[in-house]
Amino acid sequence: MLRRKAVYFFAISIMLLFSVFYSSSVYAKQVSVCESDFIFLNDIHGKGLWAKYITDNDAFNWNGQLGIDWDIFRYKNYYGYLLVNIETIIERNGSDFNFNPDYIRYMLEPGLRIEGNRADLLLIYHHVCRHDVDRFDNSTEEWNILGLKLESKEHKPGEFNPQIKYIWRPYGNVSFGKYVSSTDVSYDWDGVLKIGFNILEYKNLLFYMENTTHLITQKQDRPSGKKYFIDTTIEPGVKIFGKKGEIALFCQYRHEHDVDIYNGTTEDWGLVGVRYEW
């Protein structure tokens with residue numbers, strides 16, 4: 001019953017936000033190209049992340065990520081894109097740093113983005129491959145999700161204002177998808193709800209707080225007893241905007257489940273780090 005209610009919650013969120021999107025964004029979007037215009041793009045953005053685990057764990061000590069966001073083509077306000085991200089968690093042995101990852105995950109997401117004034121609607125095909133090296137089961141899990149995502153526009157500070165300005169501007173995204181294929185996991189439905197607030201601006205600084213809730217349901221033939229599980233990430237931080245990108249100084253609390261067909265574990269992490277996007 002709880003699983004069904006959780007799925008209904010994300011489905012209703014998608015439908016409500018979908019209707020808001022089309023009533024206020026898509027039809028309001030005016031694109032100054034002809035219907036026959038089809039343009040190949042070379043618009044590539046990247047990001048890098050480096051963070052320190054502040055929780056007591058011998059295996060998980062550092063987290064590093066690299067990713068790109070590539071807009072491939074445009075037709076009217078339709079964009080074909082590709083997201084790529086690789087994450088590794090590096091251990092520390094005494095005073096020596098060893099590139100001996102305890103965990104590697106890469107993500108590929110080709111999709112179609114429909115741009116609006118206030119939000120974008122995305123049709124996504126989300127592929128994840130996760131290697132649990134030297135952990136409780138030493139398995140490699142992978143899955144593919146076909147779904148929809150509704151994502152609000154990003155807010156950036158305007159002119160450098162020497163005064164502190166409280167804005168309390170919300171942002172976020174919501175997605176809902178079906179696991180169409182998987183290996184070593186029994187996942188069925190996937191829902192993500194991210195809600196954040198830009199709290200205040202000062203010059204080129206933007207202070208923010210965000211929470212991401214990730215719901216995963218499991219199939220009836222699941223080996224473990226859980227029908228579903230929920231991961232949570234809470235992140236406060238400050239973004240520093242410059243001409244060549246933005247830097248975010250952040251701290252994170254993560255409550256995560258690592259559930260596959262062999263076993264399962266629940267983990268709580270604390271991290272502090274820096275993220276650079278350009």
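The model is predicted, with local features requiring pLDDT of at least 70 and side-chain atom pairs counted only at pLDDT 80 or more, whereas totals for chains, interfaces and linings use all residues. Residues are numbered from 1 along each chain as its sequence is written, and side-chain values use heavy atoms, with hydrogens and water left out.

Secondary-structure elements are DSSP runs numbered from the N terminus (helices, H or I, at least four residues; strands, E, at least two). Strands were taken as paired if DSSP finds at least two bridges between them. Strand β10 (residues 187-203) and strand β11 (residues 205-218) run antiparallel and are joined by 13 bridges. One residue lies between β10 and β11, which form a hairpin. Within this pairing, Asp 190 stands opposite Ile 216 of β11. Strand β11 is also joined by 13 bridges to strand β12 (residues 228-242), again in antiparallel orientation. There, Glu 210 has Glu 235 in β12 as its bridge partner.

Salt bridges were assigned where a side-chain nitrogen of Lys or Arg lies within 4 Å of a carboxyl oxygen of Asp or Glu. The count by this rule is 12. Burial was classified by relative accessible area (buried, under 20%; exposed, over 50%; partly exposed, in between; 1.4 Å probe, protein chains only). Glu 87 is buried at 3% relative accessibility, while Arg 105, at 27%, is partly exposed.

Glu 87 also meets the side chain of Arg 254 in a salt bridge, at 3.7 Å from N to O. Arg 254 lies in strand β13 (residues 245-259) and Glu 87 in β3, so this contact ties together parts that are 167 residues apart in sequence. Arg 254 is buried, with 8% relative accessibility. A salt bridge also links Arg 254 to Glu 256, the closest N and O atoms being 3.8 Å apart. Glu 256 is partly exposed, with a relative accessible area of 22%. The C-alpha atom of Glu 256 is separated by 5.3 Å from that of Glu 267, 11 residues apart along the chain. Glu 267 lies in strand β14 (residues 264-277) and is buried, with a relative accessible area of 13%.

Nonpolar cores were defined as sets of buried Ala, Val, Leu, Ile, Met, Phe, Trp, Tyr and Cys residues joined through side-chain atoms within 4.5 Å. The largest core has 12 residues, among them Leu 49, Phe 60, Ile 89, Tyr 171, Phe 250 and Leu 271. Strands β1 (39-53), β13 and β14 are the elements that give two or more residues to this core, and the largest share, three residues, comes from β1. Another core, of 10 residues, lies apart from it and includes Met 107, Trp 143, Val 185 and Phe 229.

On the surface, Trp 50, Ile 240, Ile 247, Leu 249, Val 274, Tyr 276 and Trp 278 form a nonpolar patch, with about 600 Å² of accessible area together. Trp 50 is found in strand β1 and is partly exposed, with a relative accessible area of 42%.

Rings of Phe, Tyr and Trp (its six-membered ring) were paired if their centres lie within 6.5 Å, with planes under 30 degrees apart counted as stacked, over 60 as edge-to-face and the rest as tilted. The structure holds 10 aromatic pairs. Tyr 53 and Trp 269 form an edge-to-face pair, with 5.5 Å centre to centre and 75 degrees between the planes. This pair links distant parts of the chain, Tyr 53 in β1 and Trp 269 in β14, 216 residues apart. Both residues are buried, Tyr 53 at 3% relative accessibility and Trp 269 at 6%. The pair of Phe 176 and Trp 189 is stacked, because the ring centres are 5.4 Å apart and the planes at 20 degrees. Phe 176 lies in strand β9 (residues 161-183) and Trp 189 in β10, 13 residues apart. Trp 189 is partly exposed, at 31% relative accessible area. Trp 143, Tyr 179, Tyr 187 and Phe 229 form one aromatic cluster.

Notes. Patch = residues over 30% accessible without salt bridge, like charges linked within 9 Å, V, L, I, M, F, W, Y side chains within 5 Å. Areas by Shrake-Rupley, 256 points an atom, 1.4 Å probe, with all protein chains shown as cover.
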